[in-house]
Amino acid sequence: MIQKIRVCIWDEDNSSRAGMLRVLQNLEQYQIIEYHDGSGGIGNLESLRPQALLVDVDYTIAQPEKLIPQLRKAMPGLKLVALGKRWDENARARYEEMGFDAMLLKPVDVESFQRALEAAFAVKARLGNNCQVLSFFSPKGKSGRTTLIVNLALALARVSGEKVGIIDAETNFADMDAFLNLNPRSTIVEALRDLNYLTSGTLEKYFEEVSDRVFVLCGAKTPQQAAFVEPEGLTKLLEMARPSFRYLLVDLAPGFNAISIAAAEASEKVYLTTMADGTFEMKHLQRAMEIFRSLDNWQQRLGCVITRMTPDVRRAKELEEEIGCPVTLIPNEYLLCSIAANNGRMAVDIGSGSLLTQQIDRMAFAIHGEGR
Ligand SMILES: Nc1ncnc2c1ncn2[C@@H]1O[C@H](COP(=O)(O)OP(=O)(O)OP(=O)(O)O)[C@@H](O)[C@H]1O
Ligand SMILES: [Mg+2]
């Protein structure tokens with residue numbers, strides 16, 4: 001089912017707001033909601049979950065240059081439309097510079113409203129946002145990839161204060177839902193099926209909430225259904241999901257195939273994850289590196305994570321030289337990981353005091369520091 005885009009009108013002038021609501025009610029594509037606060041602040045606006053906000057800039061908000069960063073921080077995917085009685089080129093440039101995605105002249109009619117919203121969504125699509133897609137690949141299974149992704153997503157949300165998405169693109173036995181004790185209403189299979197009818201805003205509905213800033217698009221429920229996940233669709237899905245998140249983490253099935261290559265090509269970073277288990281894993285890692293070296297700028301884009309290896313700065317440096325890209329070591333914390341995973345409590349049980357969390361936090365700081 002296609003969900004309507006939630007558009008919120010914020011105008012402290014009651015009659016102007018009521019007028020707009022009257023004109024815009026019953027639109028097929030949009031659900032119009034209203035907000036007013038009296039103090040000019042964003043109060044409970046976030047709880048209305050708007051995807052676009054039409055805000056009156058003549059009387060309602062006194063200091064847009066202060067308010068916009070606040071809105072961007074609280075609701076990163078939100079499209080902002082400035083509503084005003086008069087526009088000229090100077091005003092337009094000024095509001096654009098402040099961070100508005102589009103402008104709309106009062107009195108509003110259906111046609112000008114639709115044009116402004118299309119412009120707001122298109123600006124985002126054209127400029128892209130600063131989303132970084134990070135995909136996680138491993139030569140073999142049971143490397144600790146899913147454990148790493150969940151914890152790194154939570155850490156990135158903490159470090160950045162922004163929204164983080166996870167896409168479970170596992171095609172064997174997707175299990176992100178079990179790790180997080182979720183019973184998803186929709187999965188990647190439905191998202192791919194509906195893709196041609198979706199926008200970035202409506203795609204968000206297919207994600208399940210893990211915490212206030214972490215959202216997951218769960219994987220196919222069965223390997224048969226996973227046949228829907230194919231390279232072209234996944235590439236489009238990643239592009240469409242970008243505007244909603246600061247970071248988007250993609251869990252890929254172990255092994256090497258067309259889907260992992262497509263995801264790697266669509267990602268800013270590819271992490272090869274492997275478990276330290278003697279020399280074989282290192283050999284597989286080096287062979288995987290060979291394959292990913294064909295990516296453009298591979299040196300900036302590839303990273304290795306070796307799990308179940310005690311963090312040791314000197315050892316990490318040696319490995320970096322041997323492998324040729326940055327290496328993160330994640331310690332062996334079997335009990336902690338397996339209890340949390342088995343109970344579906346990965347998002348809450350891995351405590352902040354563990355060495356594992358510290359290493360993952362470090363990785364999050366490094367990713368966020370580099371990306372700014
Ligand atoms: N750092 C770690 N130390 C010890 N055990 C770990 C660590 N990370 C994960 N594990 C355990 O290893 C097993 C596999 O982990 P996980 O499912 O995260 O790996 P995976 O690479 O996603 O596996 P799959 O190939 O099945 O998708 C789980 O039992 C998990 O609890
Ligand atoms: Mg996994």
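Start by selecting strand S3, residues 52–56. Both of its faces are covered: Ala52, Leu54 and Asp56 on one side, and Leu53 and Val55 on the other, are all buried. Buried here means under 20% relative accessible area, while exposed means over 50% and partly exposed lies in between, using a 1.4 Å probe and protein chains only. Because five of the five residues of S3 are buried, S3 is largely enclosed by the rest of the structure.

Before moving on, a note on what you have open. This is a predicted model, in which local features need pLDDT of at least 70 and side-chain atom pairs count only at pLDDT 80 or more, while totals for chains, interfaces and linings use all residues. Residues are numbered from 1 along each chain as its sequence is written, chains are lettered from A and ligands numbered from 1 in the order in which they are written, and side-chain values use heavy atoms, leaving out hydrogens and water.

**Stop 1: the sheet around S3**

Which strands sit beside S3? Select S1 and S4. S3 belongs to an open sheet of five strands, in the order S2-S1-S3-S4-S5, with parallel pairing. At the edges are S2 (30–35) and S5 (102–105), each with a single partner strand, so one side of each has no neighbour in the sheet. From one strand to the next, the twist averages 25°. Strands (E, at least two residues) and helices (H or I, at least four) are DSSP runs numbered from the N terminus, and two strands pair if DSSP finds at least two bridges between them.

Now zoom in on Leu53. On the S4 side, leucine 53 stands opposite leucine 80, and S3 is joined to S4 (residues 79–84) by five bridges. On the S1 side, cysteine 8 stands opposite leucine 53, and four bridges join the parallel strands S1 and S3.

Next, show helix H1, residues 14–24. H1 packs on the sheet, touching S1 (5–10), S2 and S4, and its direction makes about 170° with that of S2. Contact means heavy atoms within 4.5 Å; angles run from 0 to 180 degrees between N-to-C directions, with axes fitted to C-alpha atoms, for helices over the stretch in contact.

**Stop 2: cysteines**

Select cysteine 8 again: is it buried or exposed? Its relative accessibility is 0%, so cysteine 8 counts as buried. Cysteine 131, at 3% relative accessibility, also counts as buried. The closest cysteine sulfur to that of cysteine 131 is in cysteine 218, 18 Å away, which is too far for a bond. The structure holds zero disulfides, a disulfide being a pair of cysteine sulfur atoms within 2.5 Å.

**Stop 3**

Select strands S6 to S13. You will find an open sheet of eight strands with mixed pairing, ordered S8-S9-S7-S10-S6-S11-S12-S13. Its edge strands, S8 and S13 (327–330), each pair on one side only.

Focus on S9, residues 214–217. Val214 and Val216 on one side, and Phe215 and Leu217 on the other, are all buried. S7 (residues 164–169) runs parallel to S9 over four bridges, whereas S8 (residues 208–209) pairs with S9 in the antiparallel sense over two. Four residues form the hairpin link from S8 to S9.Move on to S6 (residues 132–137) and S10 (residues 247–252), a parallel pair with five bridges. Here leucine 134 stands opposite leucine 249. Helix H11 (residues 279–292) packs on this sheet, touching S6, S11 (269–275) and S12 (302–307).

**Stop 4: helix H10**

Select residues 258–265, helix H10. Which of its residues are buried? They are Ile259, Ser260, Ala262, Ala263 and Ala264. These pack against S6, H9 (231–241), S10, S11, H11 and H12 (298–301).

**Stop 5: ligand 1**

Finally, show what surrounds ligand 1. Of the 19 residues around it, Lys142, Ser143, Thr146, Thr147 and Glu333 come nearest; a residue counts as near if one of its heavy atoms lies within 4 Å. Threonine 147 has a polar side-chain atom 2.5 Å from an oxygen atom of ligand 1, and arginine 145 has one 3.0 Å from an oxygen atom of ligand 1. Such a polar contact is a pair of N or O atoms within 3.5 Å; within protein, one must be able to donate a hydrogen and the other to accept it, and residues adjacent in sequence count only if both atoms are side-chain atoms.
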